[in-house]
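Hi everyone, thanks for making time this morning. Let me put the structure up, and then I'll walk you through the whole chain before stopping at one residue.

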Amino acid sequence: MEAIPVIRIALDPGLTQHYGAEIHWVWRLLLTTCGWGWQEVTLGEPCDIAWVCKPQDALSARLVILANPCAWPQPSRHRLANVAHVNSVSFPVYQGEHEPHPVEAWQNGQIVCLRDLIFDVYWLATGQEERHYPRERHGFYLLENTLYYQEHLPLLALASQIAHWLEKTLRGLGYPEPLPRWPSGKRAAVAVGHDVDYPEVLRFLEPLRKVTRWGVKGVRPALEVVRGHRSHWHFADWVTLERSLELRSAFYFVARKGSLFRYAWGVPDPFYDITTQKFRQLFQFLQSEGFEIGLQASYLAFQDIKQFEREKALLEEMSRAPVRGNRHHYWHLNPQLPEDTLWMHEKLGFEYDSSLIHDHYLGWRRGLSHPFFPFHPGLRRQLRTLQIPPAWMDDQLFTFGRYNRIRPEPLETLKIIADRVAEQGGCLSLDVHEYVYDEQLFPGWRETYRGLLIYLKDRGDFWFETPLMISCHWRNRYCQIRSISYGLDQGQM
């Protein structure tokens with residue numbers, strides 16, 4: 001076992017008395033992400049980091065972060081005013097605040113952070129701002145007219161950037177190297193999942209989709225679909241492509257068969273049936289190739305945990321293997337309180353979920369490019385199912401490209417996202433639908449994805465693994481750090 005350095009940390013007792021579960025969760029998230037263990041000490045004792053309301057309360061600390069006691073009682077009342085970039089650190093500035101002050105200042109040999117970055121992480125990672133935004137019929141947030149979107153917050157992964165700042169600051173003060181985030185000296189990780197939505201072409205429906213999407217240009221591919229010359233069944237092709245680049249991905253299947261009737265009534269579940277022999281053979285093939293099979297929870301699964309449980313059990317029965325990973329169809333979580341759906345994952349025993357993303361908008365919904373254990377504000381505790389936050393779904397650059405193209409070419413946009421992940425030591429989680437392999441039907445989709453994988457491979461600093469293996473690594477690393485640490489126990493899972 002690698003030696004893990006331990007940081008002594010002292011926290012303001014007045015704030016932890018009332019908000020200890022929330023504060024401890026943020027500190028556990030930051031320190032385990034960085035890779036340091038901790039020893040919580042009483043304020044006034046010698047320490048390395050102090051989070052206090054007044055700098056004079058922590059004269060022995062090398063790093064002091066000033067707490068904002070006015071922010072914690074009602075986090076959702078703090079609305080985004082703009083994003084400030086100070087000393088290369090980006091952080092949200094809230095309505096009612098004065099002009100942003102510097103993040104760092106030297107005072108009596110200490111580094112004093114003049115902003116409550118712990119509250120910033122809590123505000124970002126629990127989605128306080130998004131609660132104020134309008135939603136459309138699927139529950140997706142409409143962000144075009146918000147500062148959140150205009151200031152590019154989803155692309156910045158600010159909570160992970162704060163963790164990066166903390167690690168860089170402590171290392172600059174001479175503290176020992178933290179536990180590496182990823183194996184084999186890799187700087188970051190990449191996890192690919194394929195949502196299985198339309199594996200079987202519906203000849204009465206798919207041609208209409210092509211013509212509706214492309215107009216006259218869609219007539220020819222529509223006719224080829226009608227004649228049976230084009231298919232969506234490209235599982236073997238995906239496996240061949242990804243194995244050639246030493247990648248193994250996950251395929252997420254919907255276990256509840258949809259229907260045209262349900263679709264017409266606003267429940268757009270796919271129409272395939274995983275109980276058929278064709279799918280049973282597919283499951284065996286994917287597993288034999290080392291690929292992961294996960295659940296794509298049906299559109300309304302979040303409303304009924306018994307139905308959710310039946311879907312998981314059916315996929316396990318058909319695949320003859322435990323299902324440990326999940327992603328929601330249409331990213332459809334409880335729109336009022338997504339954490340209630342994340343709590344369902346814990347109850348059902350999922351190792352990880354990968355559903356916290358904005359449907360139309362590229363980037364990280366909760367400001368974290370790292371895997372993390374979410375916090376449930378109602379239960380006031382950390383949840384046991386790990387969240388691997390997605391950064392890109394294929395539709396975002398092709399169907400909703402007007403919102404997301406930082407550069408004219410989709411691949412160049414994705415390279416910027418990948419570089420951000422590498423800088424922060426995060427995990428680049430991708431969602432590419434299984435039916436977009438055919439370049440005639442979906443021109444540019446597969447090749448953009450392939451080009452990104454080649455770019456990541458050529459960089460040489462990304463760890464390629466299935467989402468499940470990445471989840472197991474991150475969980476084991478978290479437990480390893482937690483096992484040598486003392487304190488910060490409130491709200492622990």
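When I say contact, I mean heavy atoms within 4.5 Å. With that in mind, of the contacts in the protein with a separation of 6 or more, 75% are between residues 24 or more positions apart. Please remember that what you see is a predicted model.

Now the overall build. The protein has 17 helices and 19 strands. A compact globule of 493 residues would have a radius of gyration near 23 Å, and the protein has 23 Å, so the two agree. The C-alpha trace spans about 80 × 45 × 45 Å along its principal axes.

How much of the protein is buried? Buried residues are 60% of the 493. As for the surface, the protein exposes about 19600 Å², and 50% of that comes from carbon and sulfur atoms. On charges, there are 54 positive and 57 negative ones, and their mean positions lie 3 Å apart.

Let's zoom in on His360. You'll find His360 in the loop between β13 (352-353) and β14 (375-376). Is His360 buried or exposed? Its relative accessible area is 13%, and the cut-off for buried is under 20%, so His360 counts as buried.

Who surrounds it? The side chain of His360 makes a polar contact with the side chain of Asp359, at 2.7 Å. Setting aside neighbours within four places in sequence, His360 is in contact with Phe140, Gln396, Phe400, Tyr403 and Asn404.

Key: Residues are numbered from 1 along each chain as its sequence is written. This is a predicted model: local features need pLDDT of at least 70, side-chain atom pairs count only at pLDDT 80 or more; totals for chains, interfaces and linings use all residues. Side-chain values use heavy atoms; hydrogens and water are left out. Helices (H or I, at least four residues) and strands (E, at least two) are DSSP runs, numbered from the N terminus. The radius of gyration is taken over C-alpha atoms; the globule rule is 2.2 Å times the number of residues to the power 0.38. Buried means under 20% relative accessible area, exposed over 50%, partly exposed in between (1.4 Å probe, protein chains only). Accessible areas come from the Shrake-Rupley method with a 1.4 Å probe; for residues, only the protein chains shown count as cover. Lys and Arg count as positive and Asp and Glu as negative; His and the chain ends are not counted. The place of a charge is taken as NZ of Lys, CZ of Arg, CG of Asp or CD of Glu. A polar contact is a pair of N or O atoms within 3.5 Å; within protein, one must be able to donate a hydrogen and the other to accept it, and residues adjacent in sequence count only if both atoms are side-chain atoms.
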